[in-house]
Each structure stands twice: as C-alpha cells, then as structure tokens.
Amino acid sequence: MDVVTSDGQGNGDSGPSDTVKIPERLLKRDQLRLEDVERRKEEKESLSVTEERSEFFSSTFKTERLAIERLMSACSEDDCAFATQTLEEVTLKTQQLQKFLNDSMTFLTQYELRQAQASLQKLQTSLAEKREVVLPKKKFAFRSRNAGASNPKVTAVVDSPASATTVDSGGVKLLGTSHPDQCGFSHISSQTLIKSAEEIQKQDVLLTYLTNCKVRLFGAPSTLHVKHVRDCEILCGPVSSSIFVDHCTNCVLVFPCQQLRTHNTTDTEVYLHVTSRAIIEDCQRVRFAPFSWSYPGLDSDFLVSGLDQNRNNWTQVDDFNWLATSTPSPNWTVIPEPDRRNDWDV
C-alpha cells in the first residue's frame, strides 16, 4: 500500500485504490510529537545526572564535615603542639570543603546551597572557639607596627576583648591576638587600626564591636569575620577563602575573597572582588562596586591567596530573601560609576 501526502506525491506506482493519503499537517504534528518525546527524554536524563551529582555532593560534604568535627573534638589544651598541628589541618580541610562547595554551586538548589553554607559557617565558628580553648593566650605584649604608613606605631597590648588598652598609640590602636593563628580587633571606637602582611599572613582575622574606625588589613588572611560593626571603613587584602559579615551598619567594606556571606547588614557599601559569588541574607540597602584598593605588594598577596585577579563576579549577588528570578532584589544595588571611590588614604 502506498502512502501519499496531501500534495499528491506518492511513494510507489500502485493505483488509487491502494493508496492512503495522509495530510501533511498530520505528518508535521507527528514529527513534533516525536521531537517532544526526545526533548523530554533528554530533560529526564539531565535531571537524573543533576540528582546524581547532588547526591554525591551531599554525601561527600557530610563525610568531610564529620571528619573535620572529629579532628576538632580530638584537640585538647593538654597537648599544645598536637592541638596546633591538628587545628592547622582543620583549617586546610575547611578551606578545601569551601572550594568543593564553590565548584558545586552550578547544580545545587538554593536550599542545598543555604544548608551547606550554614554548615561551613558553623565549622568556622567552632574552629575559632576551639582555638580560644586549647591554644595558650598571650596576656601582654609590646609590638612595633609598620604597615606602609609614614610613621610606625608602638603599642602596649592587653589581651582583653572587653577593654582594649593602649599606651600612647598616636591615634592608632592595635589589639593583641589571643594565639598565633588568629588576630583581629575588638571593642574599639574612633581609632585607625592597622595590621601588616607579616602579622596576618594566612591567618583567620576577626573584627568585632568596632565603631567609627578605619581598618587596614594588609596581606592575605585565610578567612575574615566582621561582626557588630558600625560607621567603619574596612579595607583588607585578598582573603583566600570566605568573608563572613554580620550585623554591619553604615560601613564601607573593601576586599577580595573567594566567597562573601553577608547577614543582617544595612546601609553599607561593598567594593568587592569575588571569584565565586556573593550571598546576602536579611540585608537592606547594600550597594556593590568592584574592588578598587591598591597598595604595594597587592599582586604578591593575590598570589599567596590563590585568587584569580582576572575573575571578578562582583555583580553576581544571591539574595536568600528574594528568590524571584523575574525581578531584581530590592535589597541591593550597584553603585553608579560617578559615585564610586578610588582614594582610600587613611
């Protein structure tokens, strides 16, 4: 039996009685149906691959997180050398886990990303708390600071976060650190605060309870925590992993990092270089612009941090309080070019 379309063309020499005519529109509809079946098959296969990758991520992330927690629980203040070595390993593994998360962002759901970020932040907090407990504290120290300023400052330091005390700092207050692997400033108002690259190289830096301060952090920290700061200007060299900002009001933040996580922040400008993404949550009136600070040794600090200077995703901001994709989040904007700052002299 021959089949012909409605245009009269057949596929054989049989007579009219042996020929069935199929309208061309039916053939096209059948072709569209087959294409739709194939498309759905490809989507199903793609979804299956994504689900497999997501399952692999969840399993691996959980295994690594538990391993890090076990390492931290094994630390004891009774063995300082072992604790120091173990916490160095924990820091490295946490950084590797952060990179694993960054590399997996393309296929993770918002919920999965949010949960993983919360777990990482909890690890970072636990690490800082464990260091406070098991590593010896320096109670008093005299230090000489010269972070590229014209006149070095000498400060007597008392290691007490509740009441920072200095001796004739000339307007620059430099707070001591509680142990060799962590440094920062805490509970200070109306001061200029500086740390050199030699002081914070590859260490965790913590800035808490600062008001009306100018902060300059040279070098390449491992992580940076900024909590409970108001009316401050904070500039930092390349941070090899994450920066966590929480309860920040009316500040200017300038730094490069692998990832930025910002909570409970309002009326703040962020001059950012980020190689993965920036995340905000419970924030309002946050404005972004590209990183614009320069100082001698910045290129070397980028090399130490491992960040790619040619890759900056400063406009890729995920707002966890605004999941609509059709309209932009009202909680953050881009600083217009004429309004951006480039002069950061103290």
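Visitor: Where does pLDDT stay under 50?
Guide: Over residues 138-181, and for that stretch this predicted model has 103 contacts beyond four places in sequence. Here pLDDT is the predictor's confidence in each residue, from 0 to 100, and contact means heavy atoms within 4.5 Å. Where pLDDT is low, the predicted coordinates should not be read in detail.
Visitor: And what's the mean pLDDT of the chain?
Guide: The mean is 78, with 76% of the residues at 70 or more.
Visitor: What share of the residues is buried?
Guide: Of the 346 residues in the chain, 45% are buried. Buried means under 20% relative accessible area, exposed over 50%, and partly exposed in between, using a 1.4 Å probe and protein chains only.
Visitor: Let's talk helices. What span should helix 3 have?
Guide: Helix 3 covers residues 110-134, and at 1.5 Å a residue its 25 residues should span 36 Å; the end C-alpha atoms are 36 Å apart, which agrees. The expected span is 1.5 Å times one less than the number of residues.
Visitor: Which residues in it are buried?
Guide: Among them are L113, A116, Q117, L120, L127 and V134 of helix 3. An α-helix has 3.6 residues a turn, so residues three or four places apart point the same way.
Visitor: Switching to the largest nonpolar core: which residues touch the most other members?
Guide: That core has 37 residues, and L207, L210, L224, F255, L260, L272 and F288 touch the most other members. Its largest share, seven residues, comes from strand 12 (residues 252-274). A nonpolar core here is a set of buried Ala, Val, Leu, Ile, Met, Phe, Trp, Tyr and Cys residues joined through side-chain atoms within 4.5 Å.
Visitor: What's F255 in contact with, leaving aside neighbours within four places?
Guide: Its partners include L224, C236, I243, L260 and F291. There's also a second, separate core of 21 residues, with A83, L87, M105 and V134 among its members.
Visitor: How many aromatic pairs does the structure hold?
Guide: Eight. Rings of Phe, Tyr and Trp (its six-membered ring) pair if their centres lie within 6.5 Å; planes under 30 degrees apart are stacked, over 60 edge-to-face, and the rest tilted. F57 and F100 are stacked, at 5.1 Å centre to centre and 25 degrees between the planes. F57 sits in helix 1 (residues 24-73) and F100 in helix 2, 43 residues apart.
Visitor: Is F57 buried or exposed?
Guide: F57 counts as buried, at 3% relative accessibility.
Visitor: And why is the pair F218 and W293 tilted?
Guide: Because the ring centres of F218 and W293 are 5.4 Å apart and their planes are at 55 degrees. F218 counts as buried at 15% relative accessibility, and W293 is buried too, with 7%.

How values were computed:
Residues numbered from 1 in each chain as written. Predicted model: local features only at pLDDT ≥ 70, side-chain atom pairs only at ≥ 80, totals over all residues. Heavy atoms only, no water. Helix = DSSP H or I, 4+ residues; strand = E, 2+ residues; numbered from the N terminus.
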